[in-house]
Amino acid sequence: QVQLVESGGGLVQAGGSLRLSCAASGRTFSSYAMGWFRQAPGKEREFVAAISWSGGSTYYADSVKGRFTISRDNAKNTVYLQMNSLKPEDTAVYYCAADPYFGHYEYDFWGQGTQVTVSS
């Protein structure tokens, strides 16, 4: 079991940056692959980025590639999402997720989400 708490959301102008954090409980954080997802109003939740257990592998949705960077600090039990060149279409609730397996989109554990709003 792992519990996840996101932070760092807020209101930013288009072209700006935000860094989201997701703190995980427990002593087995490095046993989980981590992902970020988002859900905009009226839309289905969509994958944003994922990172492997040690951080050596990452992959991104095409819509954020080159603008967002996922990273993790296993000593701090935290995963990050650095978001640059933000666009109004990035507005959504962002969720972090954890799963023992890497490379798929079905995650076992989810945080409560943090709102990101990008104004034009």
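Trp36 stands opposite Cys96 in β9. The structure is a predicted model, in which local features require pLDDT of at least 70 and side-chain atom pairs count only at pLDDT 80 or more, while totals for chains, interfaces and linings use all residues. Residues are numbered from 1 along each chain as its sequence is written, and side-chain values use heavy atoms, with hydrogens and water left out.

Strands are described as follows. Strands are DSSP runs (E, at least two residues), as helices are (H or I, at least four), and are numbered from the N terminus. Two strands pair if DSSP finds at least two bridges between them. Strand β4 (residues 33-39) is joined by seven bridges to strand β9 (residues 92-99), and the two run antiparallel. Five bridges also join β4 to β5, again in an antiparallel arrangement. Within this second pairing, Gly35 is found opposite Ala50 in β5. The hairpin of β4 and β5 has six residues between the strands, and Gly42 takes a positive phi near 75 degrees there. Strand β4 is mostly covered, since six of its seven residues are buried; buried means under 20% relative accessible area, exposed over 50%, and partly exposed in between, with a 1.4 Å probe and protein chains only.

An open sheet is formed by four strands in the order β1-β3-β8-β7, with antiparallel pairing. Its edge strands, β1 (4-7) and β7 (68-73), each pair on one side only. From one strand to the next, the twist averages 15 degrees; axes are lines fitted to C-alpha atoms, for helices over the stretch in contact, and angles run from 0 to 180 degrees between N-to-C directions. Strand β3 (residues 18-24) and strand β8 (residues 78-83) run antiparallel and are joined by six bridges. In this pairing Ser21 lies opposite Tyr80 in β8. In a regular strand the side chains alternate between the two faces of the sheet.

The structure holds one disulfide, a disulfide being a pair of cysteine sulfur atoms within 2.5 Å. The disulfide joins Cys22 to Cys96, with an S to S distance of 1.9 Å. The pair links distant parts of the chain, as Cys22 belongs to strand β3 and Cys96 to strand β9, 74 residues apart. The link of Cys22 and Cys96 is right-handed, with 40 degrees about the S-S bond. Cys22 is buried, at a relative accessible area of 0%, and Cys96 is likewise buried, at 0%.

Aromatic residues were also examined. A search of the whole structure finds ten aromatic pairs. Rings of Phe, Tyr and Trp (its six-membered ring) pair if their centres lie within 6.5 Å; planes under 30 degrees apart count as stacked, over 60 as edge-to-face and the rest as tilted. Phe47 and Tyr59 form a stacked pair, 5.1 Å centre to centre and with 25 degrees between the planes. This pair links distant parts of the chain: Phe47 lies in strand β5 (residues 46-51) and Tyr59 in strand β6 (residues 58-60), twelve residues apart. Phe47 counts as buried because its relative accessibility is 13%. One aromatic cluster is formed by Phe37, Phe47, Trp53, Tyr59, Phe102, Tyr105, Tyr107 and Trp110.
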